[in-house]
Amino acid sequence: MTQLQNLSQAFDILVVGAGAAGLYTALCLPSTLSVGLITKDTVSLSASDWAQGGIAAAMSPEDSPSLHLEDTIAAGAGLCDLAAVTFLAQNAPSCIQSLVNMGVAFDRQGEQLALTLEAAHSRRRVLHAADTTGKEVITTLTAQVLQRQNIQILQQTLALSLWLNPQTGRCQGISLIYNNRIIWVRAKAVVLGTGGGGQVFAHTTNPAVSTGDGVAMAWRSGATLRDLEFFQFHPTALTIPGANSFLISEAVRGEGAHLVDDTGRRFAFDYHPKGELAPRDVVSRAIFTHLQNNATDPAKANVWLDLRPIPKEKISHRFPNIIQVCQRWGLDVFSQPIPVAPAAHYWMGGIETDLSNRTSIPGLYAVGETASTGVHGANRLASNSLLECIVFGAQMANLELEEVSLIEQSSSSESVFQLSTSGWDSGQATLASIREQLPRLVWQSAGICREQKSLESGIAQVEILQKEFTKLPLSQFLLDLPAAQIGSFDKETPHQQLYLWGETRNLLDIAYLILQSALFRTESRGGHYRQDYPQTDRDWQVHTLVKKDRVWKSQLVE
Ligand SMILES: Cc1cc2nc3c(=O)[nH]c(=O)nc-3n(C[C@H](O)[C@H](O)[C@H](O)COP(=O)(O)OP(=O)(O)OC[C@H]3O[C@@H](n4cnc5c(N)ncnc54)[C@H](O)[C@@H]3O)c2cc1C
């Protein structure tokens, strides 16, 4: 891992993010290029690392890429991009083979790769490594990256903003919080692999790093974004007061677990003939509605997932991690139902990209959950997202880097923020309060069920928080810092405080964008459900596009 010594350092490519998208992209980029791989935490913290269920690919003789395509399109509720899904499904088997060649130890049945069935897949096509598939993939990719001479990893480094060439509008670097300073690093191209934004909701399965940074940075720089209202809510996250919402994989219901309410009644069939195995959004809404109708305080209530219908040996073999996490909270999955509730899980929308991961800003690419390639449409098919990171990451092997002259360092001067005289403490308290309030208000106004009134009120509240944020002395210092100018502090600043500032700014931006997009779309489809417009409307078979303050509809998606 590298220490970045000076500002003149430049890379051919900067990859932001060390999840499956960032790591695989870095590995696939031509090895003749110097690559800076940036992550705001350690390499081991990402949603990819937490992925449990697996990764989809048509590998069995009974399956085919065209069946995988059909299932993906059906899940996407009319908004998938056919070319992108075709590309995903056709390239899935070879990408899995490349992971196996790198050393990813997927579970096997005899000599063959073991394949499991997940909801809405018509065939067994989900490869897995027990219930810690993501960890297995990330550990292997990290080991590969560490062997590569051309890749330098910068950990504990937060990308703040894109650095556009003022003459050409081309992305030629980024600003970073590094070692408690703001620095600017140049590159001929930047790839965003910053993952999702689940932290904008009060209940989420996502890790703390999922604060929508890539989407927010790209939006501030004028990139076109797409379908930001589509968020998938996972029906079964463990709900223990004081604990994070730990995901209880879909595969648990796939193997036969029952959802029951406080009275022990199996209620999912009241809402859909497939019961617990209905699509995720249907099961999430069933739980939401059931709690609204039956619980005294629905916001704090939960239902229960009963694993006892699954044979004990199967639970032990398939779900060792879930058993362990539940044990840590004093829950024995073999003898008692566990408390669960829906939580924000996967962001289908993101930065609009083409099949080569290009965004609308020259020199800027996006891969993984931060991108909107069109493969997920309005609702993601389970286990297609890790796959997307790999299939689209592999595309970066074909990158043809334009010979561009990098921005000259206009100044090496430093602006120093006077911590001692700047009302730092009260500013930090305000910042912490915004960070605490925001996810609760987004959950209430743009959660599982939305409507005009609550969306409008959510937008108004976010605008108030945005004003408070802008007034902070730290905001005034950092927002006014000219491009290329280093920012530093007159005494030691805990880097967590600077991170809190950067992430809160991004969360405010994505909260606003999600609310605006959800208000714009006056129908229900996939991961977006409007109580005031509960039907899917053919005229709305369009993408929501956003650029700066403009929100508009694409042409009809055929
Ligand atoms: C609990 C859980 C289980 C899941 N299970 C599955 C599954 O079984 N199958 C499946 O296909 N999908 C699953 N998903 C979804 C899938 O894991 C993600 O969609 C996918 O891993 C996203 O990968 P990514 O590389 O785009 O982002 P991530 O893996 O989230 O990586 C993002 C990286 O960007 C870094 N980063 C972010 N912002 C900045 C910044 N400003 N500066 C520097 N670094 C930054 C982060 O530190 C991190 O390294 C699951 C998700 C969760 C949360």
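Predicted model: local features only at pLDDT ≥ 70, side-chain atom pairs only at ≥ 80, totals over all residues.
Let me begin with the largest pocket. About 1400 Å³ of space lies in this pocket, and 50 residues line it, with A202, H203, T204, S245 and W443 lying nearest its centre. If we sort the lining by class, we find 24 nonpolar, 18 polar and eight charged residues. Which elements supply at least two residues each of this lining? They include helix α8, residues 280-294, and strand β17, residues 338-347, together with helices α12 and α15. The largest share comes from α12, which gives six residues.

That brings me to the packing of these helices. In general, two packed helices are described by the angle between their axes and the distance between the axes. Helix α12, residues 424-446, packs against helix α15, residues 495-520, at an angle of about 30°, and the two axes are 10 Å apart. Because angles under 35 degrees count as roughly parallel, α12 is roughly parallel to α15, and their crossing is left-handed. On the α12 side, the contact is made by W424, Q428, L431, A432, I434, R435, L438, V442, S445 and A446, while α15 brings Q497, L500, W501, T504, L507, L508, A511, I514 and L515. Of the residues in that contact, 14 are nonpolar, four are polar and one is charged.

Helix α15 also packs with α13, residues 452-471, here at about 155° and with the axes 9 Å apart. That angle makes α13 roughly antiparallel to α15, and the crossing of this pair is left-handed.

Now to another helix pair, α4 and α11. How do the axes of α4, residues 82-102, and α11, residues 384-394, cross? They come within 8 Å and cross at roughly 80°, which means that α4 is roughly perpendicular to α11. In α4, the residues in contact are A84, F87, L88, N91, A92, C95 and L99, and those they meet in α11 are N384, L387, E388, I390, V391 and F392. Ten residues of this contact are nonpolar, two are polar and one is charged.

Finally, a word on the backbone. Most residues other than glycine have a negative phi. Two alanines in this model deserve a look on the screen: A130 has a positive phi, near 45°, and sits in the loop between β7, residues 126-127, and α5, residues 133-146. A484, likewise not a glycine, has a positive phi of about 80°, and its place is in the loop between α14, residues 473-479, and β22, residues 486-489.

Terms used: Residues numbered from 1 in each chain as written. Heavy atoms only, no water. Axes fitted to C-alpha atoms, helices over the stretch in contact; angles between N-to-C directions. Helix = DSSP H or I, 4+ residues; strand = E, 2+ residues; numbered from the N terminus. Parallel < 35°, antiparallel > 145°, perpendicular 65-115°, else oblique. Left-handed = near helix turned anticlockwise from the far one by under 90°. Contact = heavy atoms within 4.5 Å. Nonpolar A, V, L, I, M, F, W, Y, C, P; charged D, E, K, R; others polar. 1 Å grid on protein atoms, 1.4 Å probe; cavity = no way out; pocket = protein on both sides within 12 Å on 5 of 7 lines; lining within 4 Å. Points joined across faces, edges and corners; volume = space filled by probe spheres on them.
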